[in-house]
Amino acid sequence: MTQPTSRRPKPQTSSKKGAADKEKNATSKRPARPSPKRKSLPNAKLEQRVIERTARLESANAQLKDLNVQLEEEIAERKPVAEQLVQHAQDLELLSGAALRLLRLDPGEDLLAFVGQQIRSWVGDAIVVVSSYDAQKNTTTLHTFFASEPETAQLVGLLGREPAGLAFEVTPKYREMMLEGALQRVDGGLYALSFEQLPVPVCRQLEATLNVQSVYAAPFAVGDDLLGTVAILSHCAGPLPRAAMVGSFLSQAAVAVERWRAERALRENQEDLGHAQRVAQIGSWRLDVRRNDLRWSDETYRMFGIPKGTPLTYETFLETVHPDDRAAVDRAWQAALRGEPYDIEHRIVVGDVVRWVRERAELEFDPQGNLRGGFGAAQDITERKEAEQQLRRATEEWERTFDNVPDLVAIIDPEHRILRANRALAQHLGVTLEQCIGQPCYTAVHGLGCPPDFCPHMLTLTDGLTHTAEVHEPRLGGDFLVSTTPLTDEHGRLIGSIHVARDITERIQTEQRIQALNQDLEQRAAELESANEELEVAVEELRIANDDLQKEIGERRRAEAALRESEHKFSVMFEKAGFAAALSRLPDGTLVNVNEPWVKVFGYPKQEAIGKTTLELNINPDAEGRARILAQLQEKGSARDVELRLRTKAGEWRTFLTNVDLVEIGGHKYILNTAQDVTARKQAEDQVTMLNQALKRRAAQLEIANQELERLATSMAKDLRAPLVSIGHVTRVILEDFGAQLPPQAVQLFDMIRANTGEMDQLTDGLLKLVEIAQHPLEKQPVDCEHLVRAVLAELQPECEGRRVEITVGPLPDCEGDPALLKQVWSHLLANALKFTRPRELARIEVGSWKPALSGVEGLEVGSSMPEGQDESSPTSNIYFVRDNGVGFAKEYADRIFRAFQRFHHAEEYEGVGLGLAVVESIVRHHGGRVWSESEVDHGATFYFTVS
């Protein structure tokens with residue numbers, strides 16, 4: 001602002017002559033024109049304005065001076081407050097730095113010394129004494145002492161020793177203050193004490209010698225646990241500097257101690273848990289789906305043979321499962337994801353060792369049925385499984401022995417019911433083994449309604465002893481020696497008996513015949529006794545010899561009968577078997593018998609095969625293989641499921657699955673060899689193996705071809721871009737520089753060139769995008785589909801401006817996938833729906849999903865029809881869809897609409913190059929899902945897709 005001048009304008013003076021001369025000169029120099037009239041203010045008015053403006057300026061200057069004075073006073077008042085705030089900020093910075101150092105402190109370091117040293121740095125030249133407290137002895141011990149060297153020397157002189165380690169009994173007042181908080185706190189949480197309240201007996205001397213004017217103390221406690229005290233001996237009588245920081249720092253130190261204690265307890269608990277899991281051979285795991293976090297215990301890593309720290313996935317776990325059990329384990333886990341119990345036993349392969357584990361899991365689901373996580377345990381049950389297998393083998397051996405015993409054997413409970421029976425008993429009764437079980441023995445064997453009087457089983461139940469009886473039973477066709485042996489449980493309680501019946505019919509008949517002969521001889525001897533005493537002696541000797549002979553004859557007959565019966569049964573089984581069987585002699589392997597299936601398979605008649613070995617017949621020319629089988633047979637008594645390639649008489653090589661057993665017939669050992677022709681199965685397995693290898697080679701070739709096509713497409717798209725850019729640039733320069741000189745038809749042609757190059761540029765961009773999607777590695781994670789859809793709709797909001805658009809979003813369950821790629825799927829589908837509903841006065845767009853159940857479609861959220869091509873009887877993933885009421889397209893285009901560069905509407909009506917749905921199809925297929933559509937012309941369209 002400029003100051004007005006105080007000078008007055010000089011009055012203007014002129015003469016008529018001068019004016020006339022000037023006018024004359026001006027007239028002679030330029031054409032004459034009318035001159036404007038000038039207005040001027042009178043001098044008095046001008047002076048008045050200057051005076052008024054000067055007065056206003058002087059008043060404003062006076063007000064400005066008053067404001068400057070007020071501002072200086074306010075600055076002087078605020079300066080102490082600002083300095084105090086700066087001091088507080090510095091204190092807070094010191095306190096936060098000490099807290100950070102405290103949190104980084106090793107629990108093994110001297111915490112009390114660190115606390116005392118830190119407080120000493122804040123309270124100036126005051127003396128800081130840190131003491132530890134012993135509640136049982138009610139003593140306080142000087143732990144650390146912070147003072148200047150002269151002060152320390154003076155204190156040593158007073159105490160007669162170093163202060164650290166000196167213990168004092170706590171005074172009642174001091175105990176009342178520290179443990180019960182009876183005194184009033186001052187200075188930010190510190191207690192102000194008198195010298196009488198201190199536990200040190202030389203307190204008065206401290207006041208005089210060390211010039212201590214005031215004493216402050218604070219308890220160092222963790223909860224109710226008093227660790228010690230901090231005492232501050234100040235040389236000033238006034239307030240202690242930074243006293244509030246001391247109380248805050250002690251609280252932070254208590255929190256650090258609590259954290260150390262909690263961490264130590266946690267480490268101990270974790271170590272105990274790991275030790276317990278190692279002892280029990282039980283591992284555990286925890287799954288958090290939302291955090292995508294799977295954790296295994298150390299024992300679980302050890303059990304499955306996976307190095308600790310290996311990234312954990314479901315595939316990592318499946319690789320450890322035995323190949324024969326993987327399908328069953330995967331089915332059980334998929335069932336658990338549907339809410340079924342997960343409690344299975346399966347094999348795993350750890351290195352070269354096969355082990356058994358039992359897995360149990362409890363999965364957690366939210367109210368919508370989505371998996372939130374779960375907890376599981378795995379136990380090594382290899383030893384139990386091996387024991388079960390040994391028990392099963394022992395049971396099978398017992399079963400074979402039980403069934404092969406020629407005597408009639410049954411196990412009977414206290415109610416006389418038959419619990420088990422061997423084959424001999426069932427054959428004698430003329431029924432099957434199943435028909436014997438559960439029947440009372442007196443009904444099944446004797447045809448009675450109650451036990452007979454001679455029943456030895458009833459006697460065994462009475463006294464718990466073994467009983468024997470000879471029984472004649474017409475239903476069994478003879479006489480039997482029956483014995484019952486008591487059967488007890490693990491507690492010694494009688495639970496039944498073992499009933500054994502031995503056929504003694506022939507022995508009884510022989511004895512009866514011998515008895516009759518003896519009676520006849522005795523009668524004849526009596527008639528001749530009177531005639532000749534010498535003859536009587538001879539007859540007596542003859543009788544004795546005859547008795548011995550009859551016994552020998554009887555025993556031989558019984559043995560021969562048993563042998564004939566056993567050989568008959570074996571012969572029937574041998575001939576009626578449905579597979580090839582051969583009986584050969586030890587040790588040379590000479591064939592003694594072959595059955596009809598063997599003759600048909602190998603083509604040798606019986607008379608030609610018997611008496612020769614398979615080596616001589618050239619059936620099994622592998623002498624070393626035969627030697628190995630014979631060695632295994634002599635060691636274990638049998639050889640099971642041995643696969644051999646044998647040659648028939650016609651020279652044809654065939655594959656057989658053979659079993660070899662050592663049998664005894666007539667007191668001689670023989671080899672029983674049974675063979676099942678598995679040639680067709682082996683050929684089929686070999687063919688499947690060859691087909692699989694060919695399929696792998698074809699897949700590798702296709703993969704290489706796809707990679708070459710992708711590289712070619714990328715190269716072509718990049719090579720096309722440069723000439724397209726050049727064409728576009730040249731046409732633009734021509735139109736800008738020479739457009740005015742070109743005829744309208746040429747300008748239109750250049751515009752067409754630019755439009756076509758722009759469209760080709762879009763096509764190359766789309767081609768590169770398709771290749772990029774195919775090569776993009778999936779980064780699967782849980783995806784919130786509803787959040788993703790609403791984010792896409794927010795981005796597409798400008799497409800809805802100026803239109804009536806009604807968009808319905810139904811429930812959209814989460815899925816596993818790549819969020820960035822799935823966002824492109826929703827973006828293309830929703831953008832298409834908005835584009836092709838432009839002709840509609842009210843555009844309706846529906847977004848929803850459903851999940852087909854085992855018995856059909858459940859929870860059809862939006863819409864009411866199952867898409868074509870979907871099987872309602874089979875479960876599948878969630879089906880997502882976008883439906884609109886737009887212009888639609890013909891049904892015959894449904895299979896072609898997802899191909900690249902396919903357009904079914906005029907470019908003038910709807911923009912685009914036909915790549916959006918191709919991108920959708922590529923992303924969905926990349927996720928292991930499928931996409932399809934339904935539409936009719938002018939009746940809208942619906943697009944469905946799934947994510948595996």
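1. A charge is taken to sit over a ring if NZ of Lys or CZ of Arg is within 6 Å of the ring centre and within 35 degrees of the ring normal. The charged end of Arg930 meets this over the ring of Trp932, 4.2 Å from its centre. Lys385 likewise lies over the face of Trp356, at 4.4 Å from the ring centre.

2. On the basis of these points: this is a predicted model, in which local features need pLDDT of at least 70 and side-chain atom pairs count only at pLDDT 80 or more, while totals for chains, interfaces and linings use all residues. Residues are numbered from 1 along each chain as its sequence is written, and side-chain values use heavy atoms, with hydrogens and water left out.

3. An open sheet is formed by five strands in the order β19-β18-β22-β21-β20, with antiparallel pairing (two strands pair if DSSP finds at least two bridges between them; helices, H or I of at least four residues, and strands, E of at least two, are DSSP runs numbered from the N terminus). At the edges are β19 (591-594) and β20 (638-647), each pairing on one side only. Neighbouring strands are turned by 30° against each other on average, direction ignored (axes are lines fitted to C-alpha atoms, for helices over the stretch in contact, and angles run from 0 to 180 degrees between N-to-C directions).

4. Helix α20 (residues 623-636) packs on this sheet and touches β20, β21 and β22 (contact means heavy atoms within 4.5 Å). The direction of α20 makes about 165° with that of β20. Strands β21 (residues 653-665) and β22 (residues 668-677) pair over ten bridges in the antiparallel sense, and Asn659 stands opposite Thr674 in β22.

5. A search of the whole structure finds 18 aromatic pairs (rings of Phe, Tyr and Trp, the last by its six-membered ring, pair if their centres lie within 6.5 Å; planes under 30 degrees apart count as stacked, over 60 as edge-to-face and the rest as tilted). Trp296 and Phe304 form a tilted pair, 5.5 Å centre to centre with 40° between the planes. Both Trp296 and Phe304 are buried (under 20% relative accessible area; exposed is over 50% and partly exposed in between, with a 1.4 Å probe and protein chains only). One aromatic cluster includes Trp296 and Phe304, with Trp285 and Trp333 also among its members.

6. His416 is in the loop between β13 (408-412) and β14 (418-421) and is buried at 9% relative accessibility. Asp938, in the loop between β29 (931-935) and β30 (941-946), is partly exposed at 46%.
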